[in-house]
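Okay, thanks for coming, everyone.

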Amino acid sequence: MENTEYKEIIGRCAELERKVDRVLAVLEQLKSRQNMIGGEVMHDFHDLCHILHISVRQVRRYCTSGELPGFKIGKRRFWPDSEVQAFIRRKKKENERSSTQ
């Protein structure tokens with residue numbers, strides 16, 4: 001391989017490395033984004049299932065029963081983080097009461 005070909009390959013590799021670094025930086029920005037309204041994190045169905053370790057069906061039951069109402073924007077339902085944390089505290093207290101009886 002000639003010296004000029006080698007330099008050209010090295011130049012292309014460096015250019016590809018810069019592009020990959022830019023893509024990784026954009027991915028990190030996207031990963032750190034969260035749904036927020038008024039400075040408060042909002043959770044969707046998927047988030048609640050993950051946070052509470054329950055199924056989508058159970059989230060819907062809590063929503064229908066009014067235990068975890070949330071709100072809708074268009075067709076999507078969201079829950080403020082404060083509402084989710086309050087729900088967790090209520091459930092924890094209920095479990096503590098039922099285990100002491």
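So, one definition to start: I say a charge sits over a ring if NZ of Lys or CZ of Arg is within 6 Å of the ring centre and within 35 degrees of the ring normal. Arg60 does that here, with its charged end over the ring of Phe45, 5.1 Å from the centre.

Quick housekeeping. This is a predicted model, where local features need pLDDT of at least 70, side-chain atom pairs count only at pLDDT 80 or more, and totals for chains, interfaces and linings use all residues. Residues are numbered from 1 along each chain as its sequence is written, and side-chain values use heavy atoms, with hydrogens and water left out.

Now, aromatic pairs: ring centres within 6.5 Å, using the six-membered ring for Trp, with planes under 30 degrees apart called stacked, over 60 edge-to-face, and the rest tilted. How many aromatic pairs do we get? Three. In one of them, Phe45 and Trp79 have centres 5.0 Å apart and planes at 85 degrees, so that's edge-to-face. Trp79 is buried at 0% relative accessible area, where buried means under 20%, exposed over 50%, and partly exposed in between, with a 1.4 Å probe and protein chains only. Phe45 is partly exposed, at 22%.

Tyr62 and Phe87 also pair edge-to-face, 4.8 Å centre to centre with 65 degrees between the planes. Both count as buried: Tyr62 at 15%, Phe87 at 4%.

Last, disulfides, meaning cysteine sulfurs within 2.5 Å: zero. For Cys49, the nearest cysteine sulfur is that of Cys63, 12 Å away.
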